[in-house]
Amino acid sequence: QKSSPAQTEFYQAVEEVLDSLAMVLDEDSRFCKHSIIERIVEPERQIMFRVAWVDDNGTVQVNKGYRVEFNSALGPYKGGLRFHPSVNASIVKFLGFEQVLKNALTGLPLGGAKGGANFDPKGRSDGEIMRFCQAFINELYRHIGARTDVPAGDIGVGTRELGYMFGQYKKLTNQFDGVFTGKNTLWGGSLGRKEATGYGCVYFAKHMLEGNDETIEGKECLVSGSGNVAIHTIEKLLDLGAKPVTCTDSDGTVYHKKGIDIKCLKQIKEVEHGRLSDYAKRNPDAEYISREKYPDDGHAVWRLNGQLAFPCATQNELNAADARSLLDNGCIAVCEGANMPCTSDAADLFLKAKIAYAPGKAANAGGVATSQLEMAQNAGMQRWTFQQVDEKLQDIMLDIYQRTRDTAAELDRPTNFILGANVAGFRRVADAMIQQGVV
Ligand code: NDP
């Protein structure tokens, strides 16, 4: 830690993984001999750069851009870009580190990376978003490529932003290739990619519940977030007969006892790019709890009644007090749509209570897995139907679930899916690193 102070989120992610790996490092002396732990926590390459652009008033704005190319043992670097004011080196590193193990867990040929900028897209005009994306790519283009490093979206980066980035990349390189995933389906995007993280998360939850002789049907679900992952989690929950009753944004929580109106939610968030306070105005029977009214020790959404919880907004959005409240209120499963949404204390409480608990690197891997399907379609100049993609996604999520469950069982901790996911992912990456020599 001394060599990189103040990387709180990165250390949190690494500590969780090292706790899991302690159980398996002794099983294979090659891991120590090849210094796999020392190498795996160190990114292969980190790029930090200035992003200068001109706002609508003609003023020059400056942001910090990042790309952490963490590990390429299993395939080209792969991972999203996040535009949010909170983005810093620690957050990008934690996301990149998690991505390495997540991508390995999918069983697909993908390395791990993450990037972004401390740019806040909220309240920016379309022209400002475009100029920012172009300025960001003016530096990043030289580091990425369809066989080198393939970014995608994340918080604050959706199809529109990827379109502007792809356009600038094409202008600078004169190449029309699959350098991004999550593209618009009109020019190379895969059907089903937009839905994949949320749908995949619910497919994972379904398997996990069935493994405990439970079903998803009829369960009241607490979902946080109202972006890409949350919307498609809610949509698939409704599809499978569950009842999602909440969603959140950074200003507040919507509680809709009769079930979230997905059409209204999509209209506000995807079409109007609006706020959830509008949802409550259009649905007078829904309650809106503004951020100022949140409990001092946590978040309103986790204090409501629900049997299943799907944190789908951001890191550390569910703490120990929230976890206690969920458990007291009869929650039987937590499935992470976001990356590291539960604090370590909260995760410990779920493990101790032995409820079904799926860490993000297993439960939200459907997004990156479908990105790989997009890369395959681009490379083969093909276009698969939504149904083909969704069927493959379902197979991949079942595979991830089984790999996670079986590894946890093999290590004699059948309910510890954190352990199962970390160890299963690590073994693949470590083997590939050893086979590729000291590089
Ligand atoms: P979006 O930008 O589409 O949505 C993010 C949502 O989370 C918004 O509702 C946003 O509210 C809320 N949010 C973000 N930051 C905060 C914060 N600091 N406090 C409270 N609310 C916050 O992002 P995605 O849905 O794509 O991503 C959500 C999570 O899922 C992230 O952890 C991401 O890393 C993870 N993920 C995403 C994948 C994907 O395919 N998109 C794949 C795998 C993981 P507001 O609008 O108010 O900011």
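Visitor: What's the strand order in the open sheet of five strands?
Guide: The order is S1-S2-S4-S3-S5, and the pairing is mixed. Strands here are DSSP runs of E with at least two residues, helices are runs of H or I with at least four, and both are numbered from the N terminus. Two strands pair if DSSP finds at least two bridges between them.

Visitor: Which are the edge strands?
Guide: Strand S1 (45-54) and strand S5 (149-152), each of which pairs on one side only. This is a predicted model, where local features need pLDDT of at least 70, side-chain atom pairs count only at pLDDT 80 or more, and totals for chains, interfaces and linings use all residues. Residues are numbered from 1 along each chain as its sequence is written.

Visitor: How many bridges join S1 to strand S2?
Guide: Ten, and S1 runs antiparallel to S2 (residues 60-71). For instance, isoleucine 47 has arginine 67 in S2 as its bridge partner.

Visitor: Which strands does helix H4 touch?
Guide: Helix H4 (residues 89-105) packs on the sheet and touches S2, strand S3 (77-83) and strand S4 (112-117). Contact here takes C-beta atoms, placed from the backbone, that lie within 7 Å.

Visitor: New topic: which residues of helix H9 are buried?
Guide: In H9 (residues 262-271) they are Leu265, Ile268 and Lys269. Buried takes 20 or more other C-beta atoms within 10 Å of a residue's own, exposed 12 or fewer, and partly exposed is in between, with C-beta atoms placed from the backbone.

Visitor: And what do those buried residues of H9 pack against?
Guide: They pack against helix H8 (228-239), strand S8 (246-249) and helix H10 (276-282).

Visitor: Which exposed residues sit on the face turned away?
Guide: Lys263 and Val271 are carried on the face of H9 turned away from its buried side.

Visitor: How many residues surround the ligand?
Guide: There are 23, and the closest are Gly227, Ser250, Ala313, Ala338 and Gly367. A residue counts as near if its C-beta atom, placed from the backbone, lies within 6 Å of the molecule. H8 gives the most to this shell, with three residues.

Visitor: Where is lysine 354 found?
Guide: Lysine 354 is in the loop between helix H12 (344-353) and strand S13 (356-358). Its phi is positive, about 55 degrees, although lysine 354 is not a glycine. Most residues other than glycine have a negative phi.

Visitor: Is lysine 354 buried or exposed?
Guide: Lysine 354 counts as exposed, because it has 11 C-beta neighbours inside 10 Å.

Methods:
Two residues are in contact if their C-beta atoms, placed from the backbone, lie within 7 Å. Axes are lines fitted to C-alpha atoms, for helices over the stretch in contact, and angles run from 0 to 180 degrees between N-to-C directions.
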